[in-house]
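Here's a quick briefing to read alongside the model. Take a look first, then work through the notes below.

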Amino acid sequence: MTYPPRLLPWSGAEGKPCYLLTDGDDGPLSRLADATEAVQLGMGGRLLAHARELLPDTPPGELRFLAECLTQALDDALRVAESRGRRLES
């Protein structure tokens with residue numbers, strides 16, 4: 001069976017995407033990528049819950065930091081979704 005390149009849940013130099021060429025999903029780098037995706041999605045969920053608690057009473061200066069964190073979490077989640085979607089297609 002031929003596996004398509006897997007988009008990894010981290011970026012390389014200059015923010016460029018990283019891909020894994022493999023002949024299966026059970027290698028050490030695949031397991032690291034799976035664990036990293038789980039951490040990223042979990043952090044995003046906790047951050048979203050925290051944002052929902054803070055937003056009603058947050059001063060405007062703190063909103064920028066919250067928006068930056070949420071933006072990074074969304075970027076991570078979209079990368080995970082893209083990677084998983086590619087693997088489902090094959």
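Accessible areas here come from the Shrake-Rupley method with a 1.4 Å probe, and for residues only the protein chains shown count as cover. On that basis the protein exposes about 6,300 Å², with carbon and sulfur atoms supplying 61% of it. Keep in mind that this is a predicted model: local features need pLDDT of at least 70, side-chain atom pairs count only at pLDDT 80 or more, and totals for chains, interfaces and linings use all residues. Residues are numbered from 1 along each chain as its sequence is written, and side-chain values use heavy atoms, with hydrogens and water left out.

**Overall layout**

- You're looking at two helices and two strands, where helices (H or I, at least four residues) and strands (E, at least two) are DSSP runs numbered from the N terminus.
- Reading from the N terminus, the order is β-β-α-α.
- The radius of gyration (taken over C-alpha atoms) is 16 Å, whereas a compact globule of 90 residues would sit near 12 Å; the globule rule is 2.2 Å times the number of residues to the power 0.38.
- Along the principal axes, the C-alpha atoms fill a box of roughly 55 × 25 × 20 Å.

**Burial and contacts**

- Of the 90 residues, 24% count as buried; buried means under 20% relative accessible area, exposed over 50%, and partly exposed in between (1.4 Å probe, protein chains only).
- Take the contacts (heavy atoms within 4.5 Å) between residues at least 6 apart in sequence: 51% of them join residues at least 24 apart.

**Ser30**

- Ser30 belongs to helix 1, residues 28-54, and is buried at a relative accessible area of 1%.
- Leaving aside residues up to four places away in sequence, Ser30 touches Arg6, Leu20, Thr22, Gly24 and Asp25.

**Glu14**

- Glu14 sits in the loop between strand 1 (6-11) and strand 2 (17-20).
- Its phi is near 60 degrees, a positive value in a residue other than glycine.
- With a relative accessible area of 75%, Glu14 is exposed.

**Cysteines and charges**

- Cys18 is buried at a relative accessible area of 19%, while Cys69 is partly exposed at 24%.
- A disulfide is a pair of cysteine sulfur atoms within 2.5 Å, and by this rule the count is zero.
- There are 10 positive and 14 negative side chains, counting Lys and Arg as positive and Asp and Glu as negative, without His or the chain ends.
- The centres of those two sets lie 2 Å apart, with each charge placed at NZ of Lys, CZ of Arg, CG of Asp or CD of Glu.
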